[in-house]
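Q: I would like to learn how to read the features of a helical model from its atoms. Could we go through them one at a time?

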Amino acid sequence: MINFSFYGMGMKYEDNLSNLKEFIVLFSGPFVNLLLFVLFKDELNLLLFLLNIYPVFPLDGGRMIKILFPNTFIIVNIVFMTILILFSLFLLLDYKIYSLLLISLYLLIFNISQRGLYEKMC
């Protein structure tokens with residue numbers, strides 16, 4: 001089942017997929033953006049690819065990291081979330097670009113709300 005929301009679309013599937021199949025499904029979304037960028041030289045698709053492949057949960061890149069490195073997933077998530085917030089603050093202060101900060105805050109709130117889930121995974 002495909003769900004559409006303000007932030008994009010997501011796929012929920014009934015069957016348990018193997019890690020390889022789930023990784024392929026997760027990579028296919030950003031790959032389409034990369035393919036569209038290469039074919040049409042559309043910079044928006046490059047930005048969407050970079051955002052979706054970023055290794056922060058629940059983005060596709062974060063979910064792929066969870067599959068590849070389940071033991072270090074939380075540490076990678078915290079490190080890259082910190083980098084994203086610092087970079088967003090830099091963009092806000094130097095260039096008055098606030099959109100990445102809004103995305104960062106959404107991801108931060110989502111990750112904080114999932115903290116209990118992370119503790120169960122360890």
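Predicted model: local features only at pLDDT ≥ 70, side-chain atom pairs only at ≥ 80, totals over all residues.

The dialogue below takes up the overall layout, then helix packing, aromatic rings and backbone details.

Q: What share of the protein chain is buried, and what share of its contacts join residues at least 24 apart?
A: A residue is called buried under 20% relative accessible area, exposed over 50% and partly exposed in between, with a 1.4 Å probe and protein chains only. By this criterion, buried residues account for 25% of the 122 residues in the protein chain. Contact means heavy atoms within 4.5 Å, and of the contacts in the protein chain between residues at least 6 apart in sequence, 38% join residues at least 24 apart.

Q: How is the packing of H1 and H3 to be read from their axes?
A: Axes are lines fitted to C-alpha atoms, for helices over the stretch in contact, and angles run from 0 to 180 degrees between N-to-C directions; angles under 35 degrees count as roughly parallel, over 145 as roughly antiparallel, 65 to 115 as roughly perpendicular and the rest as oblique. The axes of H1 (residues 19–40) and H3 (residues 60–68) come within 9 Å and cross at roughly 160 degrees, and H1 and H3 are therefore roughly antiparallel to each other. Their crossing is left-handed, a term used if the near helix is turned anticlockwise from the far one by less than a right angle, clockwise being right-handed.

Q: Which residues of H1 and H3 meet?
A: From H1 come Asn 19, Glu 22, Phe 23, Leu 26, Phe 27 and Pro 30, and they meet Asp 60, Arg 63, Met 64, Ile 67 and Leu 68 in H3. The residues of this contact divide into seven nonpolar, one polar and three charged, where Ala, Val, Leu, Ile, Met, Phe, Trp, Tyr, Cys and Pro count as nonpolar, Asp, Glu, Lys and Arg as charged, and the others, Gly among them, as polar.

Q: At what angle do H4 and H5 pack, and how do the residues of their contact divide?
A: H4 and H5 (residues 99–113) pack at an angle of about 150 degrees with their axes 8 Å apart, and they are therefore roughly antiparallel to each other, with a left-handed crossing. The residues in contact include Met 81, Leu 84 and Ile 85 in H4 and Leu 100, Leu 101 and Ser 104 in H5. The residues of the H4 and H5 contact divide into 11 nonpolar, four polar and no charged.

Q: How is an aromatic pair described, and how many does a search of the whole structure find?
A: A pair of aromatic rings is described by the distance of the centres and the angle of the planes. Rings of Phe, Tyr and Trp (its six-membered ring) pair if their centres lie within 6.5 Å, with planes under 30 degrees apart counted as stacked, over 60 as edge-to-face and the rest as tilted. A search of the whole structure finds six aromatic pairs. One of them, Phe 57 with Phe 73, is edge-to-face, at 5.6 Å centre to centre and 80 degrees between the planes. Phe 57 lies in the loop between H2 (43–53) and H3 and Phe 73 in H4 (residues 73–95), so the pair ties together parts that are 16 residues apart in sequence. Phe 57 counts as buried at 11% relative accessibility, and Phe 73 is buried with a relative accessible area of 2%. Ring pairs link Phe 57, Phe 73 and Phe 110 into a cluster.

Q: Which peptide bond is cis, and where do residues other than glycine have a positive phi?
A: The peptide bond from Phe 57 to Pro 58 is cis, with omega near 15 degrees, and Pro 58 is found in the loop between H2 and H3. Lys 41, which is not a glycine, has a positive phi of about 55 degrees; Lys 41 lies in the loop between H1 and H2 and counts as exposed at 60% relative accessibility. Lys 96, in the loop between H4 and H5, has a positive phi near 60 degrees and is exposed, with a relative accessible area of 63%.

Key. Residues numbered from 1 in each chain as written. Heavy atoms only, no water. Helix = DSSP H or I, 4+ residues; strand = E, 2+ residues; numbered from the N terminus.
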